[in-house]
Amino acid sequence: MSVSSQSDATPAYRGYRLQALYTLSRLLESNDSANFTFQPEGKEDLAIFDASNNLVEVVQVKAHSEALALSSFNPQKSNSFFYRVAQLLKTNSHLTISIASFGEIGQEMRQACGENDNKRQTVARKLSEYTFLSEVEADSLLAKIQLSRVKEAALTESVYRFLKETLTGVDPESAFEILNFWLYICAENKCKITRRDVVDKINKVGRFIAERAAHHKEWFTTIVPLEEPEIDAKLKDELSEEFYRGISARYEHILADVDVLRSQKLQELAKKFEENREKNRVVIIHGASGQGKTTLAFRYLHEFFPDQWRFKVQLIDSREHALSIATALAGQADAIGIPIAVYLDVSPNDIGWTELVKELSTHRNIQVLVTVREEDFRRASISGAEIQFSGVELTFDRIEAQEIYQSLTNKKLPAEFLTFEEAWNKFGGEGPLMEFVYLVTQGNSLRERLEQQITRLKDEARTGKRSYAEIKLLRLASVASAFESRLQIKPLVKHLALTVPERTCEQFEKEYLLRLSEDGSLIQGLHPIRSAILADLLSDSTFSPWSESASICLPFIFERDVESFLLYAFSRHRFEIEPLLKSLTSYQPQQWTAIAGVTRALIWLGIKEYAEANQQLIAEIYQDVGTGFLFVLDGDIADATPGWGRLWLSNLGHTIPPERRQRIEAYQSRQTDKKQVFVRAETWLSSRTQKPTAPSSDVDWSGMAETIFWIGHFGLSWPLAEWLSNYEIDRAIDALPIEILADLMLGMSCGYQDGFSSWLETNRSRLMNRFRQETQTVALEDDGEKLTAHFIVDIQQQNGSQSEDEQEAETTKNRLHEEAVQRCGLLRRLLPNRELYACQGYGHRVWSGEIPFDETQKTGIPKSYLPISWLLSVNSTFRGLALQPFRPKTWQEYTHSILNLR
């Protein structure tokens, strides 16, 4: 589909839709016993073959708005319909030639294909005036044509009647849309299909629709179809007003056509998906906030995917949640057998988004489009070896600004600038796209406009026309929203003693300053950039310092957002966080999610401070040995493998020249105490006095598992026997996803040792049964020191949704080894009080001859060789922060370093 703003694909799409409707009706009307085969876009719009594969009928489908006439077939062209079918009749005189018209049929065509010989001869004479047919040939051809008028309503009713009587009866409209697009794919590939193929496809679609209806809550909360509701003129005006005011983009803005078309970027996205369609189905758009990532993604989905084939994933709680979503989407793609698009707009709270992308990336019928802020993209540290993807980095420069200015001018939007140069100079040449669009459409900069609003609000407060508490509300909400966090409105307005809070919120919403969540419980800004500007305008170093506002915000932040708020604060206001840290000492969140989030944020701050404390030492070592500095230093700062950081020098020191060894030892002696990394987190956790609420979601259970692990790792004492309910933990064995359950067992074994040991012995058999069910394990041997899993290898795991290239790639990954290690790692967490973990696979040695080495056999892996992911995460974060000062600043510098390396 073209992305040109000048084009209108509606007539073409309607023509295709009617052609598919006709084809579908003919398929359903056909008799199974006749064994007819249908080929859309074979010979003409539809070709029909008999059981012996002989062509028996060709059909031309017309859907003209004007009455069908001879000229509708362009008879003057040498490859016109009449010439093509005349050639077919020369080799097959018994062939039936059909024309099905969805519109009126003109008198000329009725005469041409009617019973009256004289009238047909008149039309034949006219047709013979074109050089490729004689009058006799034209008359013979017209006599063979069967002309019929078909009605859309009647065919639709007939098809829907059939669909309602099958599994698709739950939602025949959606079923028809799915079948419609499937026929388009068949036509594109000129596939031959039978009535049985259609019935099989209908049954698959019906099963999927029935399952989706049964899981309606999951589908329409986590996985949301991007549908196209009607946008009337009034709504379009409202959408235009809010979009150009700089709020976060929604799909409705695209439907209202208020966005600025970025043709070059759209074509780049299409090219990325097309370049390596079989191996790379993931494109990640990354860039700073305000660069139009979400708008571009929505526009791409609108232009390149029809309705019913695009889905947006809302929020990902955990790795297990990601796997659940992936299963649901894969089921959709398998059911319909045609490409779908999955869009993921990553927020800081999306914990398992990389896992979801990884799971979806191997499915041949799923294209994954991701938008992610630059800092979250870098924090994810996605490996190209782990996920094959193409990246599109969004930046905003003068060239694109000029195109956007022209596009906005064409829309006749109000502006004060007569030329692009004037607008660009006013813009200053730097800043995000969102601010430039605001400047051009509103006549002044976003900052200037917000400054005017803030000045007016302050003047009203000064003269007594407005409560100063309302200014405080705006400041606090802006400080939180600048870091993509929301505040709980009820306790906040109580703290501020707002007299009529609903009117305050209503006014701030009308002025595009703040907004309430759908349920009215949370308040936030309209966009992180707007909020950052407002926070800056409302803060000053004397009367309203940012640090004071951040400290006040803390107890009111929605607990799921606490971690991202703290991480942003620690990284962007590095030297203003002391008041916030002081407030943290008394902060006691209720949910395990928030407790784990605060812990992770404080550990990150500890790693950052540790890297800064050793910055000079790291720089010296980097200058000496490059990226190998982590081997010279003790890079295992979390003690994931205790003693490893210095052990290598003892074991391999004899291979190093004495002078070199002395230099390494001198470096190591200067490294500060690694325990400093955890002091802040340990101190905060040790001050906990209030019992957390019972976990109510997978992400809560994950937070609980990690928190209890750190309690044990730090050697702290919590009254877990009082706080944890044995009933809830017993229930979790069957209720939790196996990965989260394993994390919980590992965490409790470390942080709740006394009570956990007896509980584990009581429930060991249940945990072993759960492991067997989830991993196709037929037996578990336990000798008190070593656990051995005997499992069946699923040799059919590579399903039909994978191409041959993908199956070959999976083979090169040594899937047997991966399955074995994955089971050992899961056992190590699920039943953590053994020293060795082993496994043996069966059912994969199906060919003759002996395999010299069985990758599924692990005779006993020590638990120290199966390190804990929470500790590994600390080490990888340290590596990233330590390397950050040495990363290339420009592409030229990067290229130069690669060439030097080569």
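In which helix does D237 lie? I looked it up in this predicted model and found D237 in helix α10, residues 233-244.

Entry on the charged patch. I came to D237 through a negative surface patch, which it forms with E230, D232 and E238. I then checked the cover on D237: its relative accessible area is 55%, so it counts as exposed.

Entry on the whole chain. I noted 42 helices and 19 strands. Of the 902 residues, 51% are buried. The chain exposes about 43400 Å², and I see that carbon and sulfur atoms supply 49% of that area. I also looked at contacts with a separation of 6 or more: 73% of them join residues 24 or more positions apart.

Entry on a nonpolar patch. I found V778, I792 and Y842 making a nonpolar surface patch of about 260 Å². I792 belongs to strand β17, residues 786-792, and is partly exposed at 34% relative accessibility.

Entry on a tryptophan. Is W424 buried or exposed? I got a relative accessible area of 9%, so W424 is buried. I placed W424 in helix α18, residues 420-427. Leaving out residues up to four places away in sequence, W424 touches F396, D397, R398, A401, G429 and F436. I also checked W424 against Q402, 22 residues away along the chain, and their C-alpha atoms are 8.4 Å apart.

Entry on salt bridges. My count came to 43, and I followed up a few of them.

- I found R600 bridged to E563, with the closest N and O atoms 2.9 Å apart. This pair links helix α28 (592-613) to helix α26 (562-572), across 37 residues. R600 is partly exposed, at 25%.
- D639 and K674 meet at 2.8 Å, N to O. D639 sits in the loop between α30 and α31, and K674 in the loop between α32 and α33, so the bridge ties together parts 35 residues apart in sequence. I read D639 as partly exposed at 33%, whereas K674 is buried at 15%.
- E739 and R829 meet at 2.7 Å, N to O. E739 is in helix α37 and R829 in helix α40, so this bridge ties together parts 90 residues apart in sequence. E739 is buried at 14%, and R829 is buried at 16%.

Last entry. Which residues are linked with R456 in a network of salt bridges? I traced E460, R466, E470 and E511.

Key
Residues are numbered from 1 along each chain as its sequence is written. This is a predicted model: local features need pLDDT of at least 70, side-chain atom pairs count only at pLDDT 80 or more; totals for chains, interfaces and linings use all residues. Side-chain values use heavy atoms; hydrogens and water are left out. Patches are made of residues with over 30% relative accessible area and no salt bridge: like charges are joined within 9 Å, nonpolar side chains (Val, Leu, Ile, Met, Phe, Trp, Tyr) within 5 Å. Accessible areas come from the Shrake-Rupley method with a 1.4 Å probe; for residues, only the protein chains shown count as cover. A salt bridge is a side-chain nitrogen of Lys or Arg within 4 Å of a carboxyl oxygen of Asp or Glu. Lys and Arg count as positive and Asp and Glu as negative; His and the chain ends are not counted. The place of a charge is taken as NZ of Lys, CZ of Arg, CG of Asp or CD of Glu. Helices (H or I, at least four residues) and strands (E, at least two) are DSSP runs, numbered from the N terminus. Buried means under 20% relative accessible area, exposed over 50%, partly exposed in between (1.4 Å probe, protein chains only). Contact means heavy atoms within 4.5 Å.
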